[in-house]
Amino acid sequence: MSGTDSSLPTDSQLPLTSPRTPLQLSFPFLREGSRVWERERKPPQPGELPSPLPTKRTRTYSATVRARSGPVFKGVCKNFSRSQGHGFIRPSHGGEDIFVHISDIEGEYVPMEGDEVTYKVCPIPPKNQKVQAVEVVITHLKPGTKHETWSGQVISS
């Protein structure tokens, strides 16, 4: 008797079948346009960062034009983290703190807490319910603090 039985099919003769468990595809993230994403999304909390972070590079041309033609507001830098690339401005007229991205800061100094700034606002997509500060200019450095330039030089004001 030989080692192989001719009545049993070999691997090349077996028909191709699907696996016993159905194949399930899943995305590693939920898409913004899906209703599941909308239902599971909790309302934004004050001080919560927008996601994805809107930058000068990713802003649409029309949003940039609207922001440039808007009024100039005054405020005080509440906080700014150079390493994280963002911070918040407390408007002088009151209201909710306004998000600012590092790409929207004009001038040679890194904003510090207490610096007086001027800025314009631009809506944050996709729902345009919140605004972010754009074209941020430091008008007065807070006296008695050390300020850093973007190149890394530290000065006392």
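Me: How many aromatic pairs does the structure hold?

Reply: Rings of Phe, Tyr and Trp (its six-membered ring) pair if their centres lie within 6.5 Å. Planes under 30 degrees apart count as stacked, over 60 as edge-to-face, and the rest as tilted. The structure holds two aromatic pairs. One of them joins F88 and F99 edge-to-face, at 6.0 Å centre to centre with 70° between the planes. This is a predicted model: local features need pLDDT of at least 70, side-chain atom pairs count only at pLDDT 80 or more, and totals for chains, interfaces and linings use all residues. Residues are numbered from 1 along each chain as its sequence is written, and side-chain values use heavy atoms, with hydrogens and water left out.

Me: Which strands hold F88 and F99?

Reply: Strands (E, at least two residues) and helices (H or I, at least four) are DSSP runs, numbered from the N terminus. F88 lies in strand 2 (residues 86-91) and F99 in strand 3 (residues 98-101), so the pair ties together parts that are 11 residues apart in sequence.

Me: Is F88 buried or exposed?

Reply: Buried means under 20% relative accessible area, exposed over 50%, and partly exposed in between (1.4 Å probe, protein chains only). F88 is buried at 12%. F99 is buried too, at 3%.

Me: Which side chain does E96 meet in a salt bridge?

Reply: K130, at 3.1 Å, N to O. This pair links the loop between strand 2 and strand 3 to the loop between strand 5 and strand 6 (131-140), 34 residues apart. E96 is partly exposed at 47%. K130 is partly exposed at 27%.

Me: Where do E135 and K120 lie?

Reply: E135 is in strand 6 and K120 in strand 5, 15 residues apart. They form a salt bridge, with the closest N and O atoms at 3.8 Å. E135 is partly exposed at 25%, whereas K120 is buried at 14%.

Me: Where is D115 found?

Reply: In the loop between strand 4 (105-106) and strand 5 (116-123). For charge, Lys and Arg count as positive and Asp and Glu as negative; His and the chain ends are not counted. D115 is buried yet has no salt bridge. The nearest side chain of opposite charge, K142, is 7.6 Å away.

Me: Which backbone nitrogen does the D115 side chain reach?

Reply: That of M112, at 2.8 Å. The backbone nitrogen of K142 also lies 2.8 Å from a polar atom of the D115 side chain. Leaving aside neighbours within four places in sequence, D115 is in contact with residues including G75, C77, I138, H140 and H147.

Conventions. A salt bridge is a side-chain nitrogen of Lys or Arg within 4 Å of a carboxyl oxygen of Asp or Glu. A polar contact is a pair of N or O atoms within 3.5 Å; within protein, one must be able to donate a hydrogen and the other to accept it, and residues adjacent in sequence count only if both atoms are side-chain atoms. Contact means heavy atoms within 4.5 Å.
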